[in-house]
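Morning, everyone. Please bring up the model on your screens, and we'll walk through it together.

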Amino acid sequence: MSNESGQASLRKTAALPPVDAAPGSHLAASTQALDRVPAGSATAVIVNLGCGTKTSERCINVDFSMYALLRRNSWLLPLATPVIGRERADRVRAMRGPVIRHNLARGIPFADRYADAVYHSHVMEHIPRQAVVGFQKEVLRVLKPGGVQRICLPDLEHLVRDYERSLAADDLTDTAAQRHDVSVAAMFEQCVRQEPAGVGRRTGFGPRLQKLVLGDARARGEIHRWMWDRVNIRTVLREAGFTDITVRSWNDSAIESWAATGLEVDGSGGEYKPNSLYVECRRPV
Ligand SMILES: C[S@@+](CC[C@H](N)C(=O)[O-])C[C@H]1O[C@@H](n2cnc3c(N)ncnc32)[C@H](O)[C@@H]1O
């Protein structure tokens with residue numbers, strides 16, 4: 001699919017709020033990325049969509065968040081730190097590699113057949129269900145033939161099994177009820193959240209300013225719009241045109257030198273997002 005038609009199909013279906021993408025930013029973002037990864041580069045081109053602060057030098061990282069803005073304008077960071085807090089500021093400082101600020105509801109900001117691999121972690125559950133096939137067609141468009149998409153998602157199957165276990169373990173005590181509430185929250189809290197994570201229950205001027213700067217959780221793309229498991233993900237990937245759809249583990253990938261990105265490793269070398277679903281698929285050759 002061409003850039004034009006990919007974007008048009010996304011615009012038609014996607015209901016994600018446009019946060020930062022100025023007119024023409026699609027082309028501007030493509031140019032920034034191409035500047036950093038010259039044509040004919042020996043290194044595989046890996047795109048990390050919806051990167052948040054989890055970026056890699058081995059990737060071209062894309063997000064529409066405040067973190068991407070601060071990473072691209074580091075002079076703003078000292079001014080922003082009192083508002084966003086030291087922990088968030090430190091996460092921005094730890095970001096590595098090129099970062100493009102772009103709203104994916106406007107399409108993926110790269111030319112057709114640009115990337116050897118496209119990765120996104122805990123992003124697709126934030127896209128409205130009716131826009132997901134359009135998003136997947138965009139991923140297919142920017143991948144080279146034979147290129148790999150790697151997807152990491154909250155695993156609905158795992159959450160439901162956890163919920164069932166919690167129900168079965170109920171012994172009518174308050175402790176069991178509290179534990180059960182945690183397993184219900186794991187499924188639903190992010191679907192209904194309004195305040196940005198971390199500032200919801202705090203009051204006072206600081207938290208109020210933070211909420212103002214960080215914005216409504218829905219506008220920030222923090223809300224879960226759908227949930228995925230190994231069955232429904234297969235359906236949308238097939239519909240978009242992908243083949244070789246395979247469930248993987250967190251440390252197993254068909255992407256060459258994937259481990260070197262460090263994107264799925266936490267500070268102590270373990271799994272960054274435990275209990276996630278990992279799926280890979282290919283653009284047909
Ligand atoms: C749960 S975070 C995951 C961040 C990172 N990939 C990770 O695994 O830690 C979801 C990310 O998707 C980004 N996101 C959601 N909707 C987006 C959109 N329309 N365009 C660009 N980024 C988006 C958010 O800004 C956020 O950084």
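Start with helix H8, residues 174-192. The helix has a kink of about 50°, centred on Ala 185. That bend is the angle between two axes, one fitted to the seven residues ending at a residue and one to the seven starting there. Helices here are DSSP runs of H or I with at least four residues, strands are runs of E with at least two, and both are numbered from the N terminus.

Now a caution. This is a predicted model: local features need pLDDT of at least 70, side-chain atom pairs count only at pLDDT 80 or more, and totals for chains, interfaces and linings use all residues. Residues are numbered from 1 along each chain as its sequence is written. pLDDT is the predictor's confidence in each residue, from 0 to 100. The chain averages 84, and 76% of the residues score at least 70. Over residues 1-40, though, the pLDDT is below 50. Where pLDDT is low, the predicted coordinates should not be read in detail.

Next, the overall picture. The chain has 10 helices and seven strands. Buried residues make up 34% of its 285 residues.

On to the sheet. Seven strands form an open sheet with mixed pairing, in the order E3-E2-E1-E4-E5-E7-E6. Two strands pair if DSSP finds at least two bridges between them. Which strands sit at the edges? Strand E3 (99-101) and strand E6 (243-248), each pairing on one side only. Look inside the sheet at E4, residues 115-121, and E5, residues 143-154. They pair in the parallel sense over six bridges. Tyr 119 stands opposite Arg 150 in E5. Helix H6, residues 129-142, packs on the sheet and touches E1 (46-49), E4 and E5. Contact means that C-beta atoms, placed from the backbone, lie within 7 Å.

Last, the core. A nonpolar core is a set of buried Ala, Val, Leu, Ile, Met, Phe, Trp, Tyr and Cys residues joined through C-beta atoms within 7 Å. The largest one has 53 residues; Ile 46, Val 47, Ala 115, Val 118 and Val 142 touch the most other members. H6 gives the most to this core, with six residues. Beyond its neighbours within four places in sequence, Ile 46 contacts residues including Ala 115, Tyr 119 and Ile 255.

Conventions:
Contact = placed C-beta atoms within 7 Å. Axes fitted to C-alpha atoms, helices over the stretch in contact; angles between N-to-C directions. Buried ≥ 20, exposed ≤ 12 C-beta atoms within 10 Å, placed from the backbone.
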